[in-house]
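Please keep the sequence and the structure in view while reading.

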Amino acid sequence: MATPIGNLRDIGLRALDVLSGVDAVAAEDTRVTARLLERHGIAKPLITAREHNERRASRRVLDLLASGKAVALACDAGTPAISDPGALLVSAARAAGYAVTPVPGPNAAVAALSVAGFANPHFLFHGFLPSRAAERRGVLAGLARERATLVFHEAPHRVRECAADLAAVLGGGRGIVIARELTKLYESIHVCRLAEAEAWLAADPDRIRGEFVLVVEGAPPPGREAGGEARRTLEILLESLPVSRAVALAARLTGARRNDLYRLALEMKGRDQ
Ligand code: SAM
């Protein structure tokens, strides 16, 4: 079952019904779940179900189910099994013949996606990228042609590096939504181009505090990348206009995508410096 990703009021009525009705709750961190239950006046036995003991926890839960008890599964925040433990317990319970029912609710990735404003109907949830730079760039290179919107989790101490790599590997022209501390007191949602993201994060230490979801525009459809004519038009316009104006005009004149033109413009400007 899903639990709040920050704001404790984001708990559904059905989630409260289920928590009240079950015999036990399997929880990632029992202290976190205990606080949630306490806030709603619910007292239940808690079973620790962390990544390192998920197998053992699954056996305990299966024993309870075998004795006719009902068990809910919660993680610290959001939806279990989404960058969190849970999948093993779900498959073990189903394999043993028990019904497993979702109780939908908060999820950080979907919350960020819902305010991204990207019209693309497809998205690819990647979760955390590798922490080592070379590996991270390799994974991003593999995603460079992906047309779906890309959704990443990122830790505060790596978010700047990650933003720099996203721009370096995917090009600076794509849009990014930097969604921080969603549903919490210091929630912030910043939208910019990948080329600007790292500098924006670096400009204020408060911008790299907390939890992050990064939502990045997918690759442009083949054939709509800026070709030779668009390139020449942009080059000429850039001689006398600021980037945003030159990009807007070149897009109207040539039909090329603004994102591609923007990336090209930044590359051209970089070359000239
Ligand atoms: N299962 C969770 C879900 O459904 O959202 C995700 C758990 S994952 C271990 C934790 C990561 O999710 C954080 O490091 C961060 O990237 C993202 N996250 C969780 N809560 C968030 C929030 N309130 N605002 C932004 N990102 C959040």
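Which of the 19 residues around the ligand come nearest? They are Ile 82, Asp 84, Asn 107, Ala 108 and Phe 212, where a residue counts as near if one of its heavy atoms lies within 4 Å of the molecule. The model is predicted, so to speak of local features a pLDDT of at least 70 is needed, side-chain atom pairs count only at pLDDT 80 or more, and totals for chains, interfaces and linings use all residues. Residues are numbered from 1 along each chain as its sequence is written, and side-chain values use heavy atoms, with hydrogens and water left out.

**Polar contacts** (pairs of N or O atoms within 3.5 Å)
- A nitrogen atom of the ligand is 2.8 Å from a side-chain N or O atom of Asp 84, while a backbone N or O atom of Thr 79 lies 2.8 Å from a ligand oxygen atom.
- A polar backbone atom of Phe 212 is 2.6 Å from an oxygen atom of the ligand.

**Burial**
- Taken alone, the ligand exposes 580 Å², and the protein buries 90% of that, with areas from the Shrake-Rupley method and a 1.4 Å probe.

**The shell around the ligand**
- Its residues divide into 9 nonpolar, 5 polar and 5 charged, with Asp, Glu, Lys and Arg counted as charged, and Gly among the polar ones.
- At least three residues come from each of domain 1 (13–95) and domain 2 (108–216), with bounds from an automatic or database assignment.
- The C-alpha centres of domain 1 and domain 2 lie 30 Å apart.

Notes. Polar contact = N/O pair within 3.5 Å; in protein donor to acceptor, adjacent residues only side chain to side chain.
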